[in-house]
Amino acid sequence: MVKRKGVESSIALADAAAMCNVDAISAYPITPQTHIVEHLSEWVNNGELDAEFIPVESEHSAMSAALGTSAMGARTFTATASQGLALMHEILFIAPAMRLPVVMAVANRALSGPISIWNDHGDIMCERDIGWIQIFAENGQECFDLTPACFKIAEDKRVILPTILNFDGFIVSHMIEPIEYWEQETINNFLPDFEPQIKLDIRNPSTMGAVGVPEIYYEARIAQNEALLNSKSVIKEVFEEVTKITGRPYNLVESYNMEKAEVALFMMGSLTETAMTAVKNLKKRGIEVGIVRPRLWRPYPTEEIIEAIGNIKALGIVDRAMGFGAQSHPVASEVKSTLYSSDKRPVVCEYVIGLGGRDVRIEDIEAMFLELIEAAKSGKSQPVKYIGVRE
Amino acid sequence: MLEFRFHGRGGQGSVTSAELLAITAVADNKFAQAFPSFGPERRGAPVQAFARIDEEQILNRSKVYTPDVVLVLDYTLTQMVNVTTGLKPDGILIVSTGNTPELVREETGWKGRLAIVDGVKIAMTHIKRPINNTVMLGALIKASGCVSMENMKEAVKERFGKIAAVNMAALTEAFETVTISEGE
């Protein structure tokens, strides 16, 4: 029997990590991720989870320690957010280069300044191209379901890459909502033991993370990128398995009401739930609009995104982060370049919404959809619009 | 869908109230959300918590702006914040106070359904501490009928362990003694 209960999403994610039988957790507490590592440290302290919990003095050390334990062949987990993720920055690149399948939950939070503990995607957008697989969960249920999926993807012999599971800080992390837990047996059958092909072993000494002289560095970087791009087929395979287990659709890119829609919003994370209500409200008024939500963000699922966009007339691209001084904000930049490399030419409207915890209401999203309908009629793109900002 | 807003002071357990409500609603096989007014926790400062209960999956991650139920754990807050902001005209205001309904109406300006119980007095009787968050859930269940008493009992048991029994006794007394007056 699957157990459905009302539980905080952070706790469900931590429970899922514990049920994945992690061997090592190195973490530094930072809002709004704190409940995850607090909960795991309790599991370890109470003897319910046989794992090493390494309390460190900073996130820089948390990631460094995670590399060490992963290199030893331990299933390694950590979690962070915002300034913590930023402090890990230089170490983050080393995990995929050394092919260490660390799994990290990131409770997305705004970056300073001004100081903000609230949600946006500013933290992860600074770490887009670090070489990690990156997945965005929409709600607490996805936080649970995708945790075992992340370990399975990361540790697959065809992948062996670190993986980040993003979920919206506070909006999802601190929400009590109904979540169905998998049976321990289901997780055991789904997730095989971690068997690294190469590991640090004092009986069989080897060097990991050696210097890359000009004769090898270039090839190493290309090989690493190929590994990341090739992981897409495995991610798809694992998501299909999660779909079978849970009965919930897990596609690389989700579409909502796209069959009938003439315009759509492209957005990530928990925003899409609120947007679904906007879609339903407009449907009642005879207006058909849709949503495209990439669940997988790295490797960037180009083909699936192009397919999901279909033949709509206007596309609104929603950013929850700033790209200071850039031609467009991060998501819009990327999606516009996707369109250019395809034969699709919808009218494009760019939006920024919900920075630093600014609340996003159903009405905000309805207004964006209606604007897109006008843009489709006029055929005119509009410059980026900052939704909900006071002038 | 029913939407709830809880007013309390940091440390009084208004977030716990919202959480217990949502956990119980999920145990009742409904869909629910509970969330704090996100931010740093400050003991004694006015805080809010929110909840939603529905028969269908709740697809809305915004704050609660037009609640059906407002629950006030600390009467002094009515002097500082407008606790009835956005409260639907056919909604219900639930207040922990020893004051009369007439005085509460006069001081809050609320003309709709009103439920009153002296939560602190009941808490002192059973829990021996002026913490009335679970007490007020008894009044809320009576006034709104939104969750089952049976599953609330389970939720309280799981959350409070050794002190679950006194919390449940207090909750039950509030359920039985809450005064509900219909509005205009």
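The following paragraphs describe the fold of chain A and then the setting of one of its residues, Ala86(A). The structure is a predicted model, in which local features need pLDDT of at least 70 and side-chain atom pairs count only at pLDDT 80 or more, while totals for chains, interfaces and linings use all residues. Residues are numbered from 1 along each chain as its sequence is written, chains are lettered from A in the order in which they are written, and side-chain values use heavy atoms, without hydrogens and water.

Chain A contains 13 helices and 15 strands, taken as DSSP runs (helices H or I, at least four residues; strands E, at least two) and numbered from the N terminus. Its radius of gyration is 21 Å, close to the 21 Å that the globule rule gives for 391 residues, so chain A is as compact as a globular protein of that length. That radius is taken over C-alpha atoms, and the rule is 2.2 Å times the number of residues to the power 0.38. The C-alpha trace spans about 70 × 55 × 45 Å along its principal axes.

Of the 391 residues in chain A, 59% are buried (under 20% relative accessible area, with exposed over 50% and partly exposed in between; 1.4 Å probe, protein chains only).

Ala86(A) lies in helix α4, residues 82–92. Its relative accessibility is 34%, and Ala86(A) therefore counts as partly exposed. Beyond its neighbours within four places in sequence, Ala86(A) contacts Leu111(A) and Glu127(A), a contact being heavy atoms within 4.5 Å. The C-alpha atom of His60(A), 26 residues away along the chain, is 8.9 Å from that of Ala86(A).
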